[in-house]
Amino acid sequence: MIRHLVLFKLNEGVERDDPRVVEGEAAFRALGDTIGELRFWELGWNISDRPIAYDFAINSAVEDGDALKRYLEHPAHQAGVALWREFATWVVADYEF
């Protein structure tokens, strides 16, 4: 199995209630029910007020590298990524477990 973690940082001046952010969250929230390769899917907003904290996180898992590739290339995932590019930056970690 491969864990796929993504941490998002909203761009300066962008708030959670920004309509673009609301749309982006909804797009990613729907992926758990849309993309069959996902074996585990959770996401949520950071609750920490630490200055080093990111704003939003996705924690997911897929069977293997091929499944990860299919997930990343899935049109619904690509549509969500396009939305988030408009208002956030992110870091990714993929590891076997």
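Which side chain does E73 meet in a salt bridge? Select K69: the E73 and K69 side chains meet at 2.6 Å, N to O. A salt bridge here is a side-chain nitrogen of Lys or Arg within 4 Å of a carboxyl oxygen of Asp or Glu.

This is a predicted model, where local features need pLDDT of at least 70 and side-chain atom pairs count only at pLDDT 80 or more, while totals for chains, interfaces and linings use all residues. Residues are numbered from 1 along each chain as its sequence is written, and side-chain values use heavy atoms, leaving out hydrogens and water.

**Stay on helix 2.** E73 and K69 sit four residues apart there, about one helical turn. Helices (H or I, at least four residues) and strands (E, at least two) are DSSP runs, numbered from the N terminus. E73 is partly exposed at 49% relative accessible area. Buried means under 20%, exposed over 50%, partly exposed in between (1.4 Å probe, protein chains only).

**Next, select R29 and E25.** Their closest N and O atoms are 2.7 Å apart, in a salt bridge. Both lie in helix 1 (residues 19–34), four residues apart. R29 is partly exposed at 42%, whereas E25 is buried at 17%.

**Now E63 and R39.** This salt bridge spans 3.3 Å, N to O. The pair links distant parts of the chain, 24 residues apart. E63 is in the loop between strand 3 (56–62) and helix 2 (65–73). R39 is in the loop between helix 1 and strand 2 (40–45). R39 is partly exposed at 47%.

The whole structure holds five salt bridges.
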